[in-house]
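Hello,

Here is the structure we talked about handing over. Please look through it, then read the notes below.

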Amino acid sequence: MQQSRRETSSAADEQEASNRLKTAVHPRYRERLFQIAITGSVLVVLAIIGLIFSMLIVHSMPSIKAFGFSFIIDQVWNPVTSKFGALPFLAGTLLTSFLALLISLPFSLSISIFLGEYMQGSRLGEILRNMIELLAGVPSVIYGFWGLMVLVPLVRDFAMAINEPPYGVGILAASLILAVMIVPYSASVNREVLTQVPNDLKEAAYALGATRYEVVRHVSIPQSLSGIFAGILLSLGRALGETMAVTMVIGNTNSLPSSLFSTGNTMASVIANEFTEATSTLHLSSLIEIGLLLFVITFIINYIGRIIIKRFSVSVR
Amino acid sequence: MNEIGLNIRKLKNKTFTVVIALFTILTALPLIFIIYYVFRQGIAAINWQFFITLPKPVGESGGGIANALLGTVLIVLVASVMAVPIGIMAGVYMSENPDNRISRSARLAVEVLNGVPSIVIGIFAYLVVVIPTGGFSSFSGSFALAVMMLPLIIRTTEETLQRVPKALKESALALGAPYYRVIFKVVIPSGLSGIINGVMLAVARVTGETAPLLFTAFGNPYLNWNISKPMANLPLLIFNYATSPYKNWHRLAWGASLILIIFVLLLNITSRLAIKKWKIRF
């Protein structure tokens, strides 16, 4: 009796399922179909990564052939004479990213100490933490717009006051906006790392009569040093690839930046500016090669950061 | 002597606290100021016309961003249609076979993909979609955004499904249910909140992305429903109008920024609250 009920119910199920599928597929094949679908999806992801890398290489071939290694040490970028050297953009990217890191570091570190040590578990700390993490989601084009309207005039006034070229846009403006953008990100990584310091260690220090400053200085920070370093690397990966905000405030000139106040271009911003205007194959291919370089650099930096973070969280646990 | 030493240590501690608090306030201020500024400028720009009309040419005041609003919705929708099923299925595979070679390399691929600069994804979409199809199109933009959504969806799906207790799955299998049905009727529903959360975060992340759309969706001053043609969208409109010298276009860009920020923040906040409320507990 039970047997027959189960059979009828499963028959009804099949009926329903085949109605839903319209094309009746035999249950045995459905199983296989499902396996193929999920395996296929994973393979799609693997294929995308492979395809990104190979497409970038294939399409930058004309430029690699034409310029070879001199592509990254030549500082002339001139579409009219078809001479392409990427040094100004490499310099612009490295300069703005490292400056941004330098500017943001004290801020992100203190906010993560504040949240991770002083405000751990408190209501105010929770609110502040959520707010900062939300700010990491604000689209970069909006940061760029704000930078252009508010920050650039400020930088211009400052440059005027100290007798520097008063463009406003340039390396300094780009570094400042980048710094503002990476603070939420690196603060949340650093906070995470700091909260993973074992409580036993901190409590032992407190029991010995250490002040809070001494605990942070001699226990928490040394314990999480490699994690903080990884956080810096991950923020650097962010800053290197950041496009829109930088494009809007850096001034977009294809020459080697000579000072903090001079205009320039980063690897990402030159692609954003010239990609749709590139008419010759060589020009387009040079831009794609810059994209390839950017891909490789961010990959290496992110990869090292991830390895450190992983080793770190394992050792703490 | 000891007394003095103690006092110095106390003083150091106090100074440190003050410095940390000061820097925290200094950090929070510009960030809050940015949000405040966008709200102030944006609210002044928004009225009914703003939502239902097209941008006016230079020199005329007024106009709206109907084309960009429609474009962003369509582009993100098409991107989600592509990325969500593939992302969830890949996540299912990786949580079901956590230790085989495919899953391990896929995990690396997901991490790499997550770190690829968005402009490089734009180049990729240009090379594999725009060139073969012969022109800029909204679809190529959706493709680029879909590639950016994948890592987030896959990672959250995998992490959530791994937390679904084995016993649940085993009891369903013991009842004689076929494997695919166990996945669809037991495993995925148990982890649904986490998966939806991942999808929301992915949508929030790509809605504001500008760089991958520069040479894919390209932008369009007119209203367009056809995904094989260039299409306007909010981030690109903000970029183009913000860098133009015209006051009226700046006004439109501020309004568009406000809409974008509200949308992205709402999605983020909802998913945060949702994850607290629906977190899987077994």
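In which helix is Phe158(A) found? Phe158(A) sits in helix α5 (residues 140-161) of chain A. Helices (H or I, at least four residues) and strands (E, at least two) are DSSP runs, numbered from the N terminus.

Some ground rules. This is a predicted model, where local features need pLDDT of at least 70 and side-chain atom pairs count only at pLDDT 80 or more, while totals for chains, interfaces and linings use all residues. Residues are numbered from 1 along each chain as its sequence is written, and chains are lettered from A and ligands numbered from 1 in the order in which they are written.

Back to Phe158(A). It counts as partly exposed, with 14 C-beta neighbours inside 10 Å. The scale is this: buried means 20 or more other C-beta atoms within 10 Å of the residue's own, exposed means 12 or fewer, and partly exposed is in between, with C-beta atoms placed from the backbone. The C-alpha atoms of Phe158(A) and Gly168(A) are separated by 8.5 Å. Those two residues are 10 residues apart along the chain.

Gly231(A)

Gly231(A) belongs to helix α9 (residues 225-241) of chain A. Is Gly231(A) buried or exposed? Gly231(A) is buried, because 29 other C-beta atoms lie within 10 Å. Leaving out residues up to four places away in sequence, Gly231(A) touches Ser186(A), Val189(A), Asn190(A) and Val193(A). Contact here means that the C-beta atoms of two residues, placed from the backbone, lie within 7 Å. Ala187(A) is 44 residues from Gly231(A) along the chain, and their C-alpha atoms are separated by 8.4 Å.

Two positive phi angles

Ser82(A) is not a glycine, yet has a positive phi of about 55°. Ser82(A) lies in the loop between β1 (77-78) and β2 (83-84) of chain A. Ser82(A) is exposed, with 12 other C-beta atoms within 10 Å.

Phe218(B) is not a glycine either, and has a positive phi of about 70°. Look for Phe218(B) in the loop between α9 (192-207) and α10 (234-242) of chain B. Phe218(B) counts as buried, with 21 C-beta neighbours inside 10 Å.

Domains

Domain bounds come from an automatic or database domain assignment. For chain A, that assignment gives domain 1 (2-69) and domain 2 (73-316). Taken over C-alpha atoms, the centres of domain 1 and domain 2 of chain A are 38 Å apart. Nine residues from domain 1 of chain A and 11 residues from domain 2 of chain A form the contact. On the domain 1 side, six are nonpolar, three polar and none charged. Ala, Val, Leu, Ile, Met, Phe, Trp, Tyr, Cys and Pro count as nonpolar, Asp, Glu, Lys and Arg as charged, and the others, Gly among them, as polar.

Chain B has domain 1 (2-45) and domain 2 (52-278). Their centres, over C-alpha atoms, are separated by 35 Å. Six residues of domain 1 of chain B are in contact with seven residues of domain 2 of chain B. The domain 1 side there has four nonpolar residues, two polar and no charged.

Where the chains meet

Helix pairs in chain B

Helix α7 (residues 166-174) of chain B and helix α8 (residues 179-190) of chain B pack at about 160°, with axes 10 Å apart. Axes are lines fitted to C-alpha atoms, for helices over the stretch in contact, and angles run from 0 to 180 degrees between N-to-C directions. So α7(B) is roughly antiparallel to α8(B). Angles under 35 degrees count as roughly parallel, over 145 as roughly antiparallel, 65 to 115 as roughly perpendicular and the rest as oblique. Leu168(B), Lys169(B), Ala172(B) and Leu173(B) of α7(B) make the contact with Val182(B), Val186(B), Val187(B) and Ser190(B) of α8(B). Six of the residues in this contact are nonpolar, one is polar and one is charged.

Helix α5 (residues 118-133) of chain B packs with helix α6 (residues 138-163) of chain B at about 135°, with axes 9 Å apart. That makes α5(B) oblique to α6(B).

Best wishes
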